[in-house]
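Trainee: I'd like to learn how to read a helix pair. Could you walk me through one?

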Amino acid sequence: MASSSVEVARIDALLPQTQCTRCGYSGCLPYAAAIAAGEAEINQCPPGGSATIGALAELLGRESLPLNPANGVESAPRVAWIDEERCIGCARCLPPCPVDAIIGASKYLHTVLADRCTGCELCLAPCPVDCIEMRPGLLLAANQPSLNRERYQAHTERLARRAEERRQQLDAMKAAAPRTPAPRAAPGVSGQ
């Protein structure tokens, strides 16, 4: 079943853009593409919950389904919070945040910009000291899917740009490194 880019865009527009990956896909757009292609059900988005499932069912002319418990449960909005007394400044929470809601730098304390946090929970697992927790709160980002999508795209583009810059640096270092010939075996000595 082929999916049109218009249908994917319409499905993506209904998703909350938390980019949490709980649906089993790397983000909201890949999940939207899977729905449009008939490869995924419409009930795999815990952050969107029953409202999103209902909107997707209406858009696609499908039966509304209960949220698949394998993907999580629908819950009240929660935002990440960092206990600054326990934070060691490792910066492991920064790359996984899909919307750059965490600020800080290596060897410095980090904090969460609560108005940007989508509640995705992707920052929890990388923290080696468990100083990040999810707390009930006003999830302003939940009402900003377009802005969340823009932040996610900017985050993804920045990571790709940095990876390319790093690759170029490594290539330049390899090209500049002196080449040493491989050692030769002594005459009459076999390698076995």
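Predicted model: local features only at pLDDT ≥ 70, side-chain atom pairs only at ≥ 80, totals over all residues.

Trainee: What is the mean pLDDT of the chain?

Mentor: pLDDT is the predictor's confidence in each residue, from 0 to 100. Here the chain's mean is 89, with 91% of its residues at 70 or more.

Trainee: How do the axes of H1 and H3 cross?

Mentor: Two packed helices are described by the angle and the distance between their axes. Axes are lines fitted to C-alpha atoms over the stretch in contact, with angles from 0 to 180 degrees between N-to-C directions. H1 (residues 5–14) and H3 (residues 49–60) have axes that come within 9 Å and cross at roughly 155 degrees. The pair is therefore roughly antiparallel (over 145 degrees).

Trainee: Which residues meet there?

Mentor: From H1, Glu 7, Arg 10, Ile 11 and Leu 14 meet Thr 52, Ala 55, Leu 56, Leu 59 and Leu 60 of H3 (contact: heavy atoms within 4.5 Å).

Trainee: And which residues of H2 are buried?

Mentor: Buried means under 20% relative accessible area, with a 1.4 Å probe and protein chains only. In H2 that covers Cys 28, Tyr 31, Ala 32, Ala 34, Ile 35 and Ala 36. H1 and H3 are among what covers them.

Notes:
Residues numbered from 1 in each chain as written. Heavy atoms only, no water. Helix = DSSP H or I, 4+ residues; strand = E, 2+ residues; numbered from the N terminus. Parallel < 35°, antiparallel > 145°, perpendicular 65-115°, else oblique. Buried < 20%, exposed > 50% of the residue type's maximum accessible area, 1.4 Å probe, protein only.
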